[in-house]
Amino acid sequence: MYDNYILIIKLMEVTPIQANNKIAYLQQVKQYNMAAILKQIWRMEQVSRIELVEQTGLTSGTITNLTHELIELKVIREKESVSGHVGRKRILLGFDPGYYRIVGLDIGRTSFEIVVSDLCGTILKTVEREILQSSGPDIVEREIIPILQTIKNEAEQSGCRILGLGVGVPGPIDYGRGRLLNPPNFPGFNGFELRQLLEEELQWLVVIEDDARTSALAESWYGIGRNIEELVFITMGIGIGGGVVSGGDIIRGTNGLCGQVGHMTIAHNGKPCDCGNKGCWETVGSMPGILSRWAGVGTMDDFVTAVRKGDQEAVHCMDETLQYLETALINIYNLYDPQLVVLGGKLLPYLKEYLPAVQSNLQTRLYAFARERLMLRTSTFGASQSAYGATALLFGALLSEPLKLLSDLSPARQDGSNQEV
């Protein structure tokens, strides 16, 4: 670790450029060390300073000084151990749920949801509204921003501080500008400068991500994938998307298209898709795709009712749907080799009862040595998956770059001089 090196600085007059370089270096080292501490606290949930020394490799002096500063900043707090050990109780460190708040927003094709969480990942407030198909991006200024302004005012009145806003939206996304790039089945949003609008109106840090990836982050940070390095989340509803986590990080790919599993070719010579391809899984395996293949008329509820009544055409359509799902999943396993695949989205409740059979079939199609390690699970947070995961965008930033994220909260500490790193 950085603090194990002996830094020898000659007592000599330095130029302003040299002084600035020294300050920048010390801040970089400090950020690295502070991030190591926060990540370990999150992994352990509660941990003592002695354990932090052992697990991070940092010196006891660095641990003492940086944890003291994090306590002053109200990021972490002390708590006495309740263990039955004889003698003095250990002081444990954990995240402080009392001061900072993170806001998560999911804008879907038929609804939006806003959640507010604390630094322990507990959801404190939830707001959900339906979206009319004709609304388009006007819904952001007309309904979403007023709700966010109310949340901002409530936080200020209660003495809390908003760290920022994470947003999950249908991709693809221009991450540099924070705008949407013609997402399928999302009319009116092509080129919409979402991040800029939210930042100007709220004066918050805003981070935007594909909603399938925020859903993956929800499992990776707070759900069944918390201690898993390689994970794929698949969301199935009006569209089909995927989020890939590798080494604990979201993978985007060269053009931000990594994990676009809904647009793998499943049906040879199939229907044209809005993405430009033909025969995409989304065209046959999404809710609209299933209903377009069913000879009957009605909703997904009507379709499933017909299946349970033994309607021959409905049963055949369901069998095809499950075959498409199996084909897609075996491709995903062979392409990404994940420890865990999680299924979610509004289509999931209609397919959930068939998943044990799907998993059994998958095991016959995998490499023999990998069959017993197959983990196929359903999502933890249901309809709130993407909104909950959107808060993880800011929480991840806090753990990776705490000084950068908190810099405007403690200006007196930003001169970089005489600081323990």
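Student: How many of the 7 residues of strand E5 (residues 111-117) are buried?
Tutor: Strands here are DSSP runs of E with at least two residues, while helices are runs of H or I with at least four, and both are numbered from the N terminus. Buried means under 20% relative accessible area, exposed over 50%, and partly exposed in between, with a 1.4 Å probe and protein chains only. By that count E5 is mostly covered, and its buried residues number 7 of 7.

Student: What kind of model is this?
Tutor: Residues are numbered from 1 along each chain as its sequence is written, and side-chain values use heavy atoms, leaving out hydrogens and water. Local features need pLDDT of at least 70, side-chain atom pairs count only at pLDDT 80 or more, and totals for chains, interfaces and linings use all residues, in what is a predicted model.

Student: Which residue of E6 stands opposite valine 115?
Tutor: Two strands pair if DSSP finds at least two bridges between them. E4 (residues 100-107) runs antiparallel to E5 with 6 bridges, and leucine 105 stands opposite isoleucine 114. E5 also pairs antiparallel with E6 (residues 123-130), over 7 bridges. In that pairing, valine 115 faces threonine 126.

Student: Which residue in the turn between E5 and E6 has a positive phi?
Tutor: A hairpin of 3 residues joins E4 to E5. The E5 to E6 hairpin has 5 residues between its strands, and the positive phi, about 85°, belongs to glycine 121.

Student: What is the order of the open sheet of 3 strands?
Tutor: Strands E1 (47-48) and E2 (76-80) are at the edges, each pairing on one side only. E1 pairs with E3 (residues 91-95) over 2 bridges, where serine 48 partners leucine 92. With antiparallel pairing, the order is E1-E3-E2.

Student: How many aromatic pairs does a search of the whole structure find?
Tutor: Rings of Phe, Tyr and Trp (its six-membered ring) pair if their centres lie within 6.5 Å; planes under 30 degrees apart are stacked, over 60 edge-to-face, and the rest tilted. Ring pairs link Trp42, Phe95, Trp221, Tyr222, Phe381, Tyr388 and Phe395 into a cluster. Across the whole structure, the number of aromatic pairs is 13.

Student: Which arginine has its charged end over the ring of tryptophan 42?
Tutor: A charge sits over a ring if NZ of Lys or CZ of Arg is within 6 Å of the ring centre and within 35 degrees of the ring normal. Tyrosine 175 has arginine 252 over its face, 3.6 Å from the ring centre. For tryptophan 42, at 3.9 Å from the centre, the residue is arginine 226.

Student: How far apart are the end C-alpha atoms of helix H10 (residues 312-336)?
Tutor: The expected span of a helix is 1.5 Å times one less than its number of residues. With 25 residues, H10 should therefore span 36 Å, and the distance between its end C-alpha atoms agrees: 36 Å.
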